[in-house]
Amino acid sequence: APSGPPRSLVGRPLSNSSVLINWLPPSQVHWNGPLTGYVIRYKPQSYNDKFAQQEEAGVKNQMKVITGLVTFTHYEIKIAARNAKGVGVFSNPITVLTEEGSPTAPPTNVSALAINSTVIEVKWKPPLSSQIFGLLLGYHIIARPLDKASGAETVSVQITVNSEKRYGWQEGYIGNLEKYANYKLTVDSYTLKGSGPESVPIIVRTLEDFPDKVAHIGFKNVTDRSVVVIWKAPLKRNGILLGYTLKYIEKNSTDVIPMTFSPQQLSYKITSLKPTTVYTISVAAQTTVGLGPFYSADVRSGFTPVPPGAPSSLGISNIHPTSCQLRFTPGFDGKTSITQWIIEAQVNLNKKWKKIYSVSAPDATTLRIPNLYPYTHYRLRIIAENTAGRSNHSEPSRLFQTSPAPPSRPPGNVTVQAINETAFRISWMLLTKQDWNGVPRGYEILYKIVGRNESWTVVTLENAFNNYSYILNGLNEWVLYKVKMNSYNFVGRSPFSPVISQKTMESVPSSGPSNVTGEAVSSSSIHIQWGDVPLFEQNGLVLGYKIKYQAVDKGMVPKFQTVNNETRQYELHNLLKYVRYQINVLAFTKMGDGVLSEPTLFIKTKEDVPDPPIIIYFPTVTYEMAKVVWAPPKKPNGIILKYRVSYGLKANFSYQQPNYTIVNANVNNFTAYNLKKEKYYIFSVAAKTALGWGNASEVLVFTTAKRYPPESPSKPVKSSRVWSRSITISWHHGNDGYGPLRNFTIQYQKKYQQGWDTVKSVVPPSVTTYTITNLKPNTIYRFRVAATNDIGTSNFSESSDDVRTEEDKPEDAPENVKVVAVSTNSVNVTWQPPTKSSWNGILKGYIVEYCKENNAEFKVKVPFDPNSSTIWKELTDLDKFVTYEFRILAYNKKGNGPTSKPVMYFVGYAPPAAAPLNVTAVAVSGSEIRVSWLPPLKRTQNGEISGYKVIYHRIFKNKSVDRTELTSLKLQVSLVKLKMYTEYSISVCAFTTAGPGPLTKPVIVRTKEGAPGAPGKLKFYNIMLHSLNVSWSEPSEPNGLIRYYHVIFSQKYTDAGGKKMVQLTIPGDRLYYHAKELEANKTYEFTVQAETIKLGTKQVGKVTTGPQIGSPTSPVTPQIEMTDRGVNITWRKGYEGAYPILGYLLQAKKQGNFSENY
C-alpha cells in the first residue's frame, strides 16, 4: 500500500450541503506501485466516533465534491491513496464548514398590539437554534392588509438581532400602516442565505384616528335668504364615522353657527341668511377620536355660484432645479371662493398637457410649483376650481428651463466581472436624458481592496456618458475588491451605486517564498528550508512548491523537485559531489508556476572519493613498451591529489601482485617498460582526493608495433524494443586493428534532416547493444556506428534501415482558448490546435473540461478537423451567475495531452443573440432621417436591454464614409445634420450590460432634396467685341437633381444710359452659355444659380468685352482697293499676343453713319 498520504489537501464549502476538496498525489517515492484511486473519510467535527462516512475518487481525479452534508456544520476530512495492495496512509484531517442555510421553522408565540393608528407592537420567540442552520441575523415583520380594495399596501420591516438579547422574547414595531385597518401579520427569521418560513398569521387592527377632510363641498338652490350645502364623505374615514359638523359665518365676522348631522346626511339647507352677504361655510367629519379638518368655501346669498374665469398674465421667476415661482392674475371667482388651483405643463416641448400640481389657496396670486425635473423645458398654464366647477385654462406661460442639478441617480445595474487575473469588466445601465439633470459629462468608478485601510481609487470616464462598460486594469491578482460608481455633470455628482465586492481571478504567485536557506548535508545531498510567499503576492491558492537546482559551470539543464504545501523543507539527494549548486524555490497555483525566490542560493556539496579517470588510451606502444595517457575523472568529487597506476599481464593480472606507481595530480601519463612481446596487458588508473582513493579505470593494451585503426562496425539493426522516445539498436564490431577498442560513437538522423546528431554519452567497447533516448515520438530515424581505438576512429557503419518511434500523447496544450457568451446560460469555447510538431501522432480530437470554479468537472469530446485552424464548441444549460473554469486538451490513440491554462468566465450575462426587428428609416428633410425599430424577440434578449446603438454612414462612390455611431435608450432616434440628397446606410443593434448584439441588415435611405450650393467658378472664353462664351461646373453640393440653371447677365451703364439685364433659364445638363449682341468694351456681370426643388446659392463673375490680356494688337495700316467685283483690303498684322493669331474680324458701316456700331 502507499506509504505516504496525498499532499496539499484543501477544502471549501460549495453550498449548505456540500464541500469541495482538492489534493495532489503522494510523492511518487511513496506510491509503491501504480495508484488505483483515493479513499476519502469524513465526519462532523463534534462527533467523537471514528470517521464512519467514506467516499472514493478515481486515480485521475484531484478534486471531489462531498454532498449530503448537514447545513452550517464543521466537518473533518482526510484522504488516502490506494494501490493494488490496499489503502495507504491517511493525511492529517482538515476542517471545512458547510455554508449557511435559511431557517426551517418560523418564530413562535407571536402576539401583537396596536400602539396607535399607524404602529403595531409585535412580540415573539425565535426558532430553536437547531432549526436556524446559520447565524441568525434578524427578523421580518410583515403586515398584509385584509381589505385590498382599500388601496392599502403590504408593509414589511426588518428587525436586526440584538446581540445581548439573542434568545428569549423578541419585540419590534411596524409602522406606516393605514389608520383603523385590519392587517394579517406574520414574522419570519433570516440568515445570510435567506428567510425562513413565516409564522402563523394573526389579525390585528390599527387604532382609530381623526378622519380626513370631506371629499367635496358644493352649493345649490342659492337665494337671498337660503342655500343648500352638499358634501361628500372623506375618502379615508380612519375610524367609525359618527357624523358631520357644519358651521357658517359671515365673512370677516366672528359669530359662528355650528350644527351636527348623522353620518348618513350629506346635505343641509341653511335659512335666515342676509341678502347679498358673503358667508364662509365649513364641513368636517367626526370619528370617536374627534373632528377632522374642515373643508371651507365662500358663497354670496342671492347669487348661485358658477365656474370661475380663467387666470391670466402668467409670469415665471425664481427658477430652481426642481421648482419655480408662478405669478398670475386670478379671474372671476364665480361668486364663491376658489377651492383649488390646478397647474398643467407641457414638458420638453411635448404638445400634450398634463397635471403636475394642485393646491388650495383661495386668495393666492403667486404659487411655488414644486417637484419639477432639473434641466427640463416647461410651459405652464393654470386652471381655477370652485364649488361649481373649473375654469378654462389660462394662456400658456413663456417657455422656460429649470436649472441643472447633479444627476439624480448613479448608473443602474452595475455589474463587476473578473475577466483575468488583473482586470474587471464593469458594465452598467445608461442614464436617461432626464436622469442627467444637465449636460452630461461622464462616470466615475471607485474601487479599493477589501480589508485595507486606504482611500478609494477613482477612475474618471470623461465624456463617456454613452459608454456602458469599462475594463479596469492594473489590479492585484486574486484579491477581493469593492467597486462603486457615480455619474456626474457640470453641476455635481450623483449618489453612489451599491457597493459590489468581486475578486480578481487566480494567477501565479508574483513573488518567491521568503527566507530560503540551505546547507550541504553530505557529498550528494543538500537540505533546503523556506517560508511562505507574502500573502498579497500569493495570487491564488498555493498548491505546493518547486525547488529549482542546477550545477554551476557544468552546463546541465536545471532540475525541479515538487513539494506539497504541507511542508516548508526538503532534502535534495543524488547530487553531484563537491559541486556548487544554484538553488531557488517557487510556489505554484493551479494557474502555473510563480516567481523564483531571491536571492539565489549557492551551496557546494561535500567532498568525496573521486570517480575513475576517463579517456585512457595508449598513444605509443612497442613490443616492449606502452605509454598510457588519461584525463581527470569526469566527476572528481573533490580536489585530485594523486594518481595511482598499476599494470600486469591480462592472463594473471588478478592473481599476481601488480606494480604500483604513484604520480602527482599534474601528471597525466605513464610509460611501462620491459613488457613482453605481443601480449595483452591490463593497465589500471585510480585518482585520490582528501577522502581517499576512488575506483580505478582498467584498460587493455596489446604490445605490438603494428597497430591500425579499427574496422567499421556492422550495419546497426533495431531490436524488438522501440518506444515513443527511445530505440534500442545492436551491431557487431570489426577487427580492432590490434589497438583495443576504447569506445563506440553513435549518430542518428531524422528523415529529411541534412546532418547527423551524435549521442553525447560515451559508449564503452564492451557494449554492442545501446538504447538511444530523447527522440521525438512518431518520427522516422536511422542510425550509424563508428569504433575508436588508440590509433583512430573507423569510418561509420552503413546506415540502419528506417525506424519509426511509437506515437505518444500530445506534448502541448491547445492554444488561444477563448470563451464568449452566447446566451445567459450558454457559451462558445474556441481554441487553436497545438503546434503540429507536438502532436506526437495523429490527433483524434479534443476534450473540453469545464466546471464551476473549483467544483466537479464535466467533459465534452470534440472530433478533430484537420482542415480547421480554429475549433469551437457551444456549451449549454450552464448555471447562471456562476464562474466557470474551462480547459482544453488534445488526445490521440496514446492518451490525453496536457490541459491548456484555465480560462475563468462568469456565466450569466450575454449580449443579445438577435438584432432588433422592423427597422424603418424615413427622410424627414434634407438633413434629418427618423429611424425606428422594435426590440429583439424576448427569448433572444439575454437579459434586460440597456439601449440601442445606431450606426450609420454616408455612401459616396459605392464606399462608406463618415461612419457615425449614437446611442438611444428609446425605440427611435433622429439622425440630424446630414448631407442633403445623400444616401445613408443605417443599422441598429441592441446591447445589454454584457455588450452589443448583432447588427440589423443595413437600411438604405436618401435624404430629401434641398437648395443646391453655388456652381463652380465662372470661366469666360472666346471673348469678342460683341459676344463671349461662359461655362461653369456642377455645384460641389448639388443637394438634389439639378433641373435648371438660371443665368443673369447685366451691364450697369449702357451707351443709351440706364441698366441692361438679361435673364434666361437653361436645362440642368448644360454647363455653358453663348452670350451675343453685347456692346464692345463694356463690363458685364454674370450670375449663375442651380435649381433643384429650390434655387441655390449664386455664383458671380465679371468680364469686359473686347481685347483681353494676351490678345493681339490691332492690324497696322489697312489699305483698301476698289475693284469691279468688290473691295480688296490689305494690312500688316500687329503683335500676336500670348497665342498665334487664328483669324481676323472685318467690320464695315456706311459713310455718313455717325453711330459707333459697325
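**View 1. Leu575 in the loop between β43 and β44 of the predicted model.** Leu575 lies in the loop that links β43 (569-572) to β44 (580-589), where strands (E, at least two residues) and helices (H or I, at least four) are DSSP runs numbered from the N terminus. This is a predicted model, in which local features need pLDDT of at least 70, side-chain atom pairs count only at pLDDT 80 or more, and totals for chains, interfaces and linings use all residues. Residues are numbered from 1 along each chain as its sequence is written, and side-chain values use heavy atoms, with hydrogens and water left out.

**View 2. Surroundings of Leu575.** With a relative accessible area of 7%, Leu575 is buried, a term that means under 20% relative accessible area, with exposed meaning over 50% and partly exposed in between (1.4 Å probe, protein chains only). Apart from neighbours within four places in sequence, Leu575 is in contact with Ser523, Ser524, Ser525, Ile526, Tyr549, Tyr581 and Thr605, contact being defined as heavy atoms within 4.5 Å. Ser523 is 52 residues from Leu575 in sequence, and their C-alpha atoms are 7.6 Å apart in space.

**View 3. The open sheet β58-β57-β60-β61.** Four strands form this open sheet in the order given, with antiparallel pairing; two strands pair if DSSP finds at least two bridges between them. Because β58 (757-758) and β61 (803-804) stand at the edges with a single partner strand each, one side of each is left without a neighbour in the sheet.

**View 4. Pairing of β57 with β58 and with β60.** Strand β57 (residues 743-750) is joined to the antiparallel β58 by two bridges, and Gln747 stands opposite Thr758 of β58. Eight bridges join β57 to β60, again in antiparallel fashion, and here Phe744 stands opposite Ala787 of β60.

**View 5. Strand β60 and its pairing with β61.** Seven of the nine residues of β60 (residues 780-788) are buried, so this strand is largely enclosed by the rest of the structure. Two bridges join β60 to β61, the two strands running antiparallel, and the bridge partner of Ile780 in β61 is Arg804.

**View 6. The whole protein chain, for orientation.** The protein chain has two helices and 86 strands. Its radius of gyration is 52 Å, well over the 32 Å that the globule rule gives for 1158 residues, so the chain is more spread out than a compact globule; the radius is taken over C-alpha atoms, and the rule is 2.2 Å times the number of residues to the power 0.38. Buried residues make up 44% of the 1158 residues.
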